[in-house]
Amino acid sequence: LPLVGYIGVIVAATLIGIWASTVVVERLRIQDPGVIVWDEFVGQWITLTPLLIWTASAWWILVGFVVFRIFDIWKPWPASWADRKVKGGLGVMLDDVLAAVYAALVMAVLLAWRGA
């Protein structure tokens with residue numbers, strides 16, 4: 001997909017994730033249940049967005065996975081704030097989206113630095 005289409009898919013997937021996560025959270029009565037992994041998929045897609053700008057080998061997908069996992073576990077502010085304060089489906093998605101934005105920025109810097 002071109003960059004605009006890719007971003008459109010990410011926005012649509014995020015909105016679907018908020019809706020679906022809201023339904024699951026309400027039914028299970030658990031905030032951010034482990035059975036929801038859609039937020040991880042969307043986070044990974046956001047992290048890999050710089051690969052549409054820089055041509056790079058497939059190894060960069062693995063780098064992106066590791067970078068996203070680091071930020072998803074670390075949850076620097078405001079991802080940590082969203083994880084603690086925002087509830088429901090929006091909370092499930094938001095902390096991962098914010099962590100993924102950090103990861104995408106790191107990916108962009110790495111790709112630019114490596115001249116990929």
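Me: How do I read the packing of H2 against H3?

Reply: In general, two packed helices are described by the angle between their axes and the distance between the axes. Here, in a predicted model, helix H2 (residues 38–47) and helix H3 (residues 59–74) pack at about 120 degrees, with axes 9 Å apart. That makes H2 oblique to H3. On the cut-offs, angles under 35 degrees count as roughly parallel, over 145 as roughly antiparallel, 65 to 115 as roughly perpendicular and the rest as oblique. The axes are lines fitted to C-alpha atoms, for helices over the stretch in contact, and angles run from 0 to 180 degrees between N-to-C directions. Helices are DSSP runs (H or I, at least four residues) numbered from the N terminus.

Me: What should I keep in mind about the numbering and the model?

Reply: Residues are numbered from 1 along each chain as its sequence is written, and side-chain values use heavy atoms, with hydrogens and water left out. Since it's a predicted model, local features need pLDDT of at least 70 and side-chain atom pairs count only at pLDDT 80 or more, while totals for chains, interfaces and linings use all residues.

Me: Is the crossing of H2 and H3 left-handed or right-handed, and which residues meet?

Reply: A crossing is left-handed if the near helix is turned anticlockwise from the far one by less than a right angle, and right-handed if clockwise. H2 passes H3 in a right-handed crossing. Contact means heavy atoms within 4.5 Å. On the H2 side you'll find Glu40, Gly43, Gln44 and Thr47, and they meet Ile61, Gly64, Phe65, Phe68, Arg69 and Asp72 in H3. Those residues split into 3 nonpolar, 4 polar and 3 charged. For the classes, Ala, Val, Leu, Ile, Met, Phe, Trp, Tyr, Cys and Pro count as nonpolar, Asp, Glu, Lys and Arg as charged, and the others, Gly among them, as polar.

Me: Is Phe68 buried or exposed, and what does Phe68 touch?

Reply: Buried means under 20% relative accessible area, exposed over 50%, partly exposed in between (1.4 Å probe, protein chains only). Phe68 lies in H3, and at 1% relative accessibility Phe68 counts as buried. Setting aside residues up to four places away in sequence, Phe68 touches Glu40, Gly43, Gln44, Thr47, Asp96, Ala100 and Ala103.

Me: How does H1 sit against H2?

Reply: Use the angle and the handedness again. H1 and H2 pack at about 160 degrees with axes 10 Å apart, and they are therefore roughly antiparallel to each other. Their crossing is left-handed. The contact brings Tyr6, Ile10, Ala13, Thr14 and Gly17 of H1 to Trp38, Val42, Trp45 and Ile46 of H2. By class, that contact has 7 nonpolar, 2 polar and no charged residues.

Me: And what are the angle and distance for H1 and H5?

Reply: Their axes come within 6 Å and cross at roughly 135 degrees. That makes H1 oblique to H5. H1 passes H5 in a right-handed crossing. Ala13, Thr14, Gly17, Ile18, Ser21, Thr22 and Val25 in H1 meet Gly88, Gly89, Leu90, Val92, Met93 and Val97 in H5. This contact has 7 nonpolar, 6 polar and no charged residues.

Me: Where is Thr14, and what is Thr14 in contact with?

Reply: Look in H1. Thr14 is buried, with a relative accessible area of 16%. Leaving out neighbours within four places in sequence, Thr14 is in contact with Val42, Met93 and Val97.

Me: How many residues are in the largest nonpolar core, and which elements give to it?

Reply: A nonpolar core is a set of buried Ala, Val, Leu, Ile, Met, Phe, Trp, Tyr and Cys residues joined through side-chain atoms within 4.5 Å. The largest one has 19 residues, and those with the most contacts inside it are Ile10, Val42, Ile46, Val67, Phe71 and Ala103. Helix H1 (3–28), H2, H3 and helix H5 (88–114) each give two or more residues to this core, with H5 giving the most, 8 residues.
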